[in-house]
Amino acid sequence: RGYTYSERPPTRRYPLEAFLFQDKIGYCQQFSGAMALLLRMQGIPARVAAGFSPGSFNKDTGEYRVRDLDAHSWVEVYFTGIGWVTFDPTPPAAPADRAGQAPAAVANASRDSESALTRGGASPTPDRAIDTSRGSGGPGGSSDGGGPPIWVVTGALVLAALAAAGAWIAHGWRGTRSADDGIHELERALPRLGWHMSGGTTLLELERRLGRAAGPASARYVAGLRAGRFSTEGAPKTGATSTDRRVMRKELTSAGGPIARLRGFLVLPPRRPTA
């Protein structure tokens, strides 16, 4: 409170000290640097993260537009048992478009309080429907270009898809892996199944949200990953079981019909049973 955003703060010998006690004017580096400094002085692990905000989404092209003005820095604070949590102390007057930035998991530190995980809705990169209005030539016919019969093309595509699915499932049939592997797998799988997360979602947030929106097995699986991720040395690397993983796949795809269930097998392929 009482601090102003400006890209041209006065030049000082000690910028953060002058920002806090003298000028009270600065841009994202002053705000994030000052917050991280104050946290560290109190013994709280904190770091400054620098990069770009998500920018703005163009619905016509299905792409995000990231500009120079979207360059930004923010703060990440470590909480025992949770991990690194995003906070953004820079005021709303900043030019960077951060509408898609992750909210803070602890306290209402970020002004962007959109849900970190939502069910359904339009995907940022929606799949384009296959245009079957041209070149079908009727059952067993050929396209206008004189290519092979449509049933040959369709059969080849189906065989290729089945082969790829088989290879992917075989690749996943490897039993238990580390908690980090399970977390990375889930990060990749959720968007493909229509569950959208923001980048700063913590495992505890994800556990609670999936428990409410998907089911208890999904929450138990994420809880197992969280326990494995933050376990002490010598403890099991993951508490997530293949049973919970299998039931979680059913919970995540229950509302999408056969296509969603097939996609679930592709992005979360079966594994050897574990305890």
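A search of the whole structure finds 6 salt bridges (a side-chain nitrogen of Lys or Arg within 4 Å of a carboxyl oxygen of Asp or Glu). The model is predicted, so local features need pLDDT of at least 70 and side-chain atom pairs count only at pLDDT 80 or more, while totals for chains, interfaces and linings use all residues. Residues are numbered from 1 along each chain as its sequence is written, and side-chain values use heavy atoms, with hydrogens and water left out.

**View 1. Glutamate 76 and arginine 47 form a salt bridge.** Their closest N and O atoms are 2.7 Å apart. The pair links distant parts of the chain, 29 residues apart: glutamate 76 lies in strand E6 (residues 71-79) and arginine 47 in strand E3 (residues 46-52). Strands (E, at least two residues) and helices (H or I, at least four) are DSSP runs, numbered from the N terminus. Glutamate 76 is buried at 16% relative accessible area, whereas arginine 47 is partly exposed at 34%. Buried means under 20% relative accessible area, exposed over 50%, and partly exposed in between (1.4 Å probe, protein chains only).

**View 2. Arginine 245 forms a salt bridge with glutamate 185.** The closest N and O atoms are 2.8 Å apart. Arginine 245 in helix H7 and glutamate 185 in helix H4 are 60 residues apart. Both residues are buried.

**View 3. Helix H6 packs against other helices through its buried residues.** Among the buried residues are Ala217, Tyr221 and Leu225. Their partners are helix H4 (179-192), helix H5 (203-213) and helix H7 (242-253), where contact means heavy atoms within 4.5 Å.
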